[in-house]
Amino acid sequence: MAPPDLAPALAEAPPSFRVRHASTIRQWRLYAHLFRRSFSSMLGLALVVLFLVLAAFGPWLAPYPGDTAGAVKLSQRLLPPSLAHPFGTDEMGADLLSRVIVGTRISLWIGLIITGVGAGIGVPLGIVAGYTRSRLLRGAIMRLTDLFLAVPGLALALAIVAALGPGIANCIAALALVWWPGYVRLVAAKTLSVKEELFVEASRAAGARTPWILWHHILPNCLSPIIVKLSMDMGLAVLAAASLGFIGLGAKPPDPEWGAMISVARSYMPDWWWYSACPGLAIFLTVLGFNLLGDGLRDILDPKSAGR
Amino acid sequence: MLRFALGKVLTVAGTMLGLAVLTFLITNVAPGDPARLVAGPEATADMVETIRREYGLDRPLPVQLGLYLRDLATGDLGQSIVTTRPVLSEIGRYFPATFELVLVAMAIGVGLGLPLGILSALKRDGALDHLTRILSISGVALPAFWFGILLQLYFAVHLEWLPVSGRLPLSEVPPAPITGLILVDSLLRGQFETFREAFLHILLPAIVLSFPCLAAILRVNRAEMIEALQADHVVAARAHGLAPFRIVAVYALRNALLPTLAMIGLRFGWMLGSTVLVETVFDWPGIGLYAVSSALASDFKPVVGVTLAIGLCFMTVNMLIDLAYAWIDPRLRAA
Amino acid sequence: MSALLAIEDYHLAIPTFDGPARVLNGIDLALEEGETLGIVGESGCGKTVLARTILGIGPDRAERKQGRILFEGRDVADLSARDWRGIRGVKIAMIFQDPMTYLNPLFTIGRQLGDAIAAHARAEGQARPGRAARRVRAATLLDQVGLREPERVLDYYPHQLSGGMRQRVLIALALSGKPRLLIADEPTTALDVTVQAQVLRLLRDLVETLGLTVVMISHDVGAIAALTGRVAVMYAGNVVEEGPTARVLARPLHPYTQGLLAALPEIDGAIRRLSGVPGTIPSLIDPPPGCRFHPRCPRATALCAAERPAMRGADPAHRVACHHADLA
């Protein structure tokens, strides 16, 4: 650990922005330095940016944008990889690469909604559970959380989808419903420890109202682990949705959803073995990218919990 | 210690009760008609009405919940529409296959994850450490169903070393069940050829299932070992002149094992969830495949039954892990 | 007679994001057999790093820049793990600061003592003592450090003992190899005041009866005064004053030592803040030029910022690194 910087700030003139924020600037320079130094973090960032670009501009980037709209070109059915079709074509003659590129937007939306709803439910509940003085309220929230965590998420989501009926919207709803407990655990634990800190005690003693304390002290201090978890969960949610799509309970095959594509590919195994390569690779790289990014963020934002 | 164990058992029982209520809510709060859900999509309106009366679905919800819980308490999980057999006995039939798969996968995960984690912690930033880092990162990101397909294509279709799917070849008669685990039963019955076949069949699905678990255990164990090796008491053990091997293998490892154990429990549940995928890919006749095919056939009772079974299994394992925790850590034992 | 321990112009740096921190900046110290040397200074002055470096358990990434550490005439600064065998615990032992964290929480006291005893036997080429023999020896050691009912304590886990008892266990662990040199790193800091006195008394008795050679690190001048014959005062990686403890405490020459002593709590309980020493210790990454103390020193002149003072003294036993010390 470096000892604190003791450079005397003795300027007569009003200090410049650089001087006033010297420690903040140094902090961010350190973050940037640590992040850039880590190859895996940079790889994660690159992958995430790549898929974000594909999601935003997919229809313009795909080599055969028409193929995703359900064009049928029977003369080009199930072609092996070639220069014209780097990952081959599917049973309708559509270019697989194009379908996967266009499918990026679906997958990222699904991931975003699931993690967004999960965090949207979980973070407030966690803050309440951690901050409240009512043991009853905290107990109720934590028991409910334990209950949802008592069954592995995918199994519970499967049951919910089975009740709601298959389909992409129900699949998202089911996953969002099993996704929030992780945030409650994380935020409640963090809130419990931050609540005891002196600066919170001090502002409480100074008469600050609870919402103000929650907003200005508790939430900012929980933010690092939340950001890390959001990044990791983006990848995992994409994976979970693709899993349900693969089983046949999520998106239905004409949609260019990656998991559903692999599900179709399975029936063309082993003779058309390349069919699943492109969607599988897309899932793998997306999840990998968000994981590496989250991991890199954790290393700089929340180093103590690294590896957990 | 006894009180500790008793408390854990009570917690599991309480959570199971909660889980039962939760599944009830999922069935009844979900938009759609529970009677229609039970009857299946092909049922006529008359049949739905009959079922509604027969199952008491026309009564108030709290009464229904009471009936449902009473049935569960007596082990009645309802009937499968597709097979018209009680769900409980079907789960009993499919569960050993899943249990066997998870056990073998866990053995691979722990058996490779622990030593690799220790070794990469000892030689930080060495060649092995970089290798294990790639392994641990890709392990979480690889979609199990896709990875399974790739392994099938390469090892089963291309090289023809291993069977594509199933638990045994169709020609093979499974040994008369003792434990229900074919690997164990075939050995107990002295059917070594069956054992060989069963082993070859379980290899690919177990590897696919174990991979994320291996990655997670490796990661946690590495991080915890690094932390333990820097702990004050390990520094002290060095200062007292203890042999490096003893410091690593006894003093640091015991401390690193506690969080690793927690991770193993967590991953066990994760594995149970993933059997849904892996068993689908490998046509493995376990409860995961049973749940998936039932869900696809809108046969709802089996899905609920499997969910409850997986929950019970997961909680039991975690309870055992909590007990092991207390056994290793004397500070918890007193509590 | 050559010194048991001799540290010669030792420099140590730890790389950090902002550049190397020069933690030890030319340390010269020597210790004869049977001597007790205290090292005193504020936290962060490098005394703990120095103590650990003697035993080869210093910070992982620390680099020796210059100098030697001679133990029994042999440079130990870069020994391999194999060469340390037979020295650590057997010839040089250490008592640590915080008795909670320096005992492994998952093993009984008997197990931890027994393992140390077995390791020492092996280092001296003897057969591994059996379970019963280890237990007897461990109980003897616990008895020696004044723990009642040693047999029962052997079966306890660290969390079942009080702070004072744990500290006695740490002392027993350090004594288990019959070391020639004992390094005590803040052995009383983490303890209650009443227990501190007991542990200090125990240490003094042990030093006398066993004839131990001791290096004791502390920021507690009282503890140093109670236990050591000679004292070295450290500031920001340098030794700034060294001499017989009684003389240094009675008549400090360095302005830093004077400030440190002035800050001692009075008998009536009032604590005067470090009145003679305003400011805080400097950055070790970018230390002040010349004398590292000059920015805080009341006597500082242009010379102090320009030139690092050498150790000097009218009496070779009491030396000081200050351009303006009154040596008369």
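Select Asp115(C) and, setting aside neighbours within four places in sequence, show what it is in contact with: Leu242(B), Arg246(B), Tyr251(B) and Arg128(C). Contact here means heavy atoms within 4.5 Å. This is a predicted model: local features need pLDDT of at least 70, side-chain atom pairs count only at pLDDT 80 or more, and totals for chains, interfaces and linings use all residues. Residues are numbered from 1 along each chain as its sequence is written, chains are lettered from A and ligands numbered from 1 in the order in which they are written, and side-chain values use heavy atoms, with hydrogens and water left out.

**Stop 1: around Asp115(C)**

Stay on Asp115(C). It lies in helix α3 of chain C. Helices (H or I, at least four residues) and strands (E, at least two) are DSSP runs, numbered from the N terminus. Asp115(C) is buried, with a relative accessible area of 4%. Buried means under 20% relative accessible area, exposed over 50%, and partly exposed in between (1.4 Å probe, protein chains only).

**Stop 2: the largest cavity**

On a 1 Å grid over the protein atoms alone, a cavity is a set of points where a 1.4 Å probe fits but cannot get out, and lining residues have an atom within 4 Å of a point. The volume of the largest cavity is about 70 Å³. Volume is the space filled by probe spheres set on the points, with grid points joined across faces, edges and corners.

Which elements give two or more residues to this lining? They are α10 (232-239) of chain B and α3 (109-123) of chain C. The largest share, 3 residues, comes from α10(B). By type, the lining divides into 7 nonpolar, 4 polar and no charged residues. Ala, Val, Leu, Ile, Met, Phe, Trp, Tyr, Cys and Pro count as nonpolar, Asp, Glu, Lys and Arg as charged, and the others, Gly among them, as polar.

**Stop 3: the second largest cavity**

Move to chain C. Select His254(C), Cys291(C), Phe293(C), His294(C), Cys297(C), Cys304(C), Cys322(C), His323(C) and His324(C), which line the second largest cavity. It holds about 50 Å³ of space. Its lining has 5 nonpolar, 4 polar and no charged residues. The count comes to 4 cavities of 30 Å³ or more.

**Stop 4: the sheet in chain C**

Switch to cartoon. In chain C, 8 strands form an open, mixed sheet in the order β6-β7-β8-β3-β9-β10-β12-β11. Two strands pair if DSSP finds at least two bridges between them. The edge strands, each pairing on one side only, are β6 (92-95) and β11 (312-315) of chain C.

Select β7 (181-185) and β8 (213-218) of chain C: they run parallel, joined by 5 bridges. Leu182(C) stands opposite Val214(C) in β8(C).

Next, β9(C) and β10(C): 6 bridges, antiparallel. Tyr235(C) faces Asn238(C) in β10(C). Their hairpin has 2 residues between the strands, and Ala236(C) takes a positive phi near 50 degrees.

How many residues of β10(C) are buried? The count is 6 of the 7, so β10(C) is largely enclosed by the rest of the structure. On to β12 (318-320) of chain C, which runs antiparallel to β10(C) with 2 bridges. Glu242(C) stands opposite Arg319(C) in β12(C).

Methods:
1 Å grid on protein atoms, 1.4 Å probe; cavity = no way out; pocket = protein on both sides within 12 Å on 5 of 7 lines; lining within 4 Å.
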